[in-house]
Amino acid sequence: APSTVGEIIAKDAAGAIGITSMKASNVNVGAAVTITESGIEASGIGITCANLNRSQIGGRRNIVINGAMQVAQRATTSTTSGYSTVDRFQNIHLNTDEATTQERASVSSSDTPYRLGFTKSYKVTNGNQTGGAAANSTCLVDYRIESRDLRHCSWNFKDSTENIVLSYWVKASVAQTYYVRIYTGDTPAQAYTFGYALSANTWTKIVHKIPGHSNIVFDDDNGIGMIIRWYQYRGTDYTDNSVTLNEWRSHNSSQNTPDQTTTWYTTNDATWEITGVQLEAGDEATPFEHRSYAEEIQLCMRYCQKIFNAQLIGTMNTSSRMRMMANFTVPMRGTPSYTRTSNNFSFQIAASNETSSNTTEAQGGNTATAEGNSYARTWDFGGFSSLADRSFIGGNGSHVFTLDGEL
């Protein structure tokens, strides 16, 4: 046996063959496997202690919030276009004969996603489109990402060859090709479109690698950095067969995808549902990052929060008008709009109880903000009587406001 680095003992006293030392440089084991000091790389997938999808071994990998569709603060079903059910996801339907229904649905225990830990999905059910597929009709599911949450994917000041990977589970009742369009919100706006084919009523995992682009930068702010849109149907006013799939191009709002098959749209009660949505920086899709419900709802509250009467603190503004303030559970993305969902204001001081049945808003609310985040909001409401110069605490748990800070 040679007596150099990498010396091999052909046979020891016990008859065993062993290796006493290993050459320090890489050792190739077959055409697709490389062993280094850091670990093993097989078939182009780096599995090393130093690097897994750009060092993302631990920590948060999934840029998408509520990708397992656990949280639905607003409602579990709705026919209203926009953010109406599952947090962070919205169904947009325009120029339809009958509104589509969006809902947080349950995944069957016999389906593959369920066995992977996905019990909920975001489901869209088509209405009765008696007029057929109009050129200006739309049905899509939309997810929007804050620009600052994509900074680590900013290809123009890092490496434009780096990729991001989108993966998700999807099922539709109609077999056809569907399209996804990803476009950036910061200047210059770029767009990337790809298609995926589904068999009817079969959960399918889609994994798509999206290449870097040297002209894309994501600003360090709370604006829109990227929009992901899954189209169930887009009319010909917004499609163009000159759109090239699987490459970046300048964003054009009237050229979203190639012309789309109308079958799903013209089929009454056709369904489309999605779960397990993950977007990550890297070259390969890693297993879905399941987060606890407690973590997920806290992340969602940056964009939507319910305010309950018990959270409100009030002080006398006049003898019949109270100034109310609510501190947010978590800071919200900028100044939120709000909807009053109840007139059930009830405030208590010591042993007395001051209530109002007239909840006419006397003036618009003001929001306490810092560093682009929103922390609290005040409202003035009339209809009270004989208010004293003191503080009042909300006396019941009714849901009285919904705050909306969505992109």
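The following dialogue examines how terms are applied to a predicted model.

Reader: On what basis are residues numbered and selected in this model?

Author: Residues are numbered from 1 along each chain as its sequence is written, and in this predicted model local features need pLDDT of at least 70, side-chain atom pairs count only at pLDDT 80 or more, and totals for chains, interfaces and linings use all residues. Side-chain values use heavy atoms, with hydrogens and water left out.

Reader: Why is strand S8 described as largely enclosed?

Author: Buried means under 20% relative accessible area, exposed means over 50%, and partly exposed lies in between, with a 1.4 Å probe and protein chains only. In strand S8 (residues 89-94), 5 of the 6 residues are buried, so the strand is largely enclosed by the rest of the structure. Strands (E, at least two residues) and helices (H or I, at least four) are DSSP runs, numbered from the N terminus.

Reader: What makes S8 and S11 a pair of strands?

Author: Two strands pair if DSSP finds at least two bridges between them. S8 and strand S11 (residues 138-146) are joined by 6 bridges and run antiparallel; Leu 94 stands opposite Thr 138 in S11. S11 also pairs with S16 in the antiparallel sense, over 9 bridges, and there Arg 144 stands opposite Ile 227 in S16.

Reader: What makes S8 and S17 the edge strands of the sheet?

Author: The open sheet has 6 strands in the order S8-S11-S16-S13-S14-S17, with antiparallel pairing. S8 and strand S17 (248-250) are the edges because each pairs on one side only. From one strand to the next, the twist averages 30°, where axes are lines fitted to C-alpha atoms (for helices over the stretch in contact) and angles run from 0 to 180 degrees between N-to-C directions.

Reader: Why is the pair of Tyr 168 and Trp 230 called edge-to-face?

Author: Rings of Phe, Tyr and Trp (its six-membered ring) pair if their centres lie within 6.5 Å; planes under 30 degrees apart count as stacked, over 60 as edge-to-face and the rest as tilted. The whole structure holds 16 aromatic pairs. Tyr 168 and Trp 230 are 5.7 Å apart centre to centre, with 85° between the planes, and form an edge-to-face pair. Tyr 168 lies in strand S12 (residues 164-172) and Trp 230 in strand S16 (residues 224-234), so the pair ties together parts 62 residues apart in sequence. Tyr 168 is buried, at 0% relative accessible area, and Trp 230 is buried, at 0% too.

Reader: What makes the pair of Tyr 338 and Phe 401 edge-to-face?

Author: Their ring centres are 5.6 Å apart and their planes stand at 80°, so the pair is edge-to-face. Tyr 338 belongs to strand S22 (residues 337-340) and Phe 401 to strand S28 (residues 399-404), 63 residues apart. Tyr 338, at 21% relative accessibility, counts as partly exposed, whereas Phe 401, at 0%, counts as buried.

Reader: How do you know that Arg 88 sits over the ring of Tyr 303?

Author: A charge sits over a ring if NZ of Lys or CZ of Arg is within 6 Å of the ring centre and within 35 degrees of the ring normal. The charged end of Arg 88 meets this description over Tyr 303, at 3.7 Å from the ring centre. Arg 234 likewise lies over the face of Tyr 238, at 4.0 Å from the ring centre.

Reader: Why is the contact between Lys 171 and Glu 273 called a salt bridge?

Author: A salt bridge is a side-chain nitrogen of Lys or Arg within 4 Å of a carboxyl oxygen of Asp or Glu. For Lys 171 and Glu 273 the N to O distance is 3.8 Å, and the side chains meet in a salt bridge. The pair links distant parts of the chain, Lys 171 in strand S12 and Glu 273 in strand S18, 102 residues apart. Lys 171, at 17% relative accessibility, counts as buried, and Glu 273, at 6%, counts as buried.

Reader: What makes Arg 323 and Asp 380 a salt bridge?

Author: Their closest N and O atoms are 2.7 Å apart, and they form a salt bridge. Arg 323 lies in strand S21 (residues 322-333) and Asp 380 in strand S26 (residues 373-381), so the pair ties together parts 57 residues apart in sequence. Arg 323, at 34%, counts as partly exposed, while Asp 380, at 1%, is buried.
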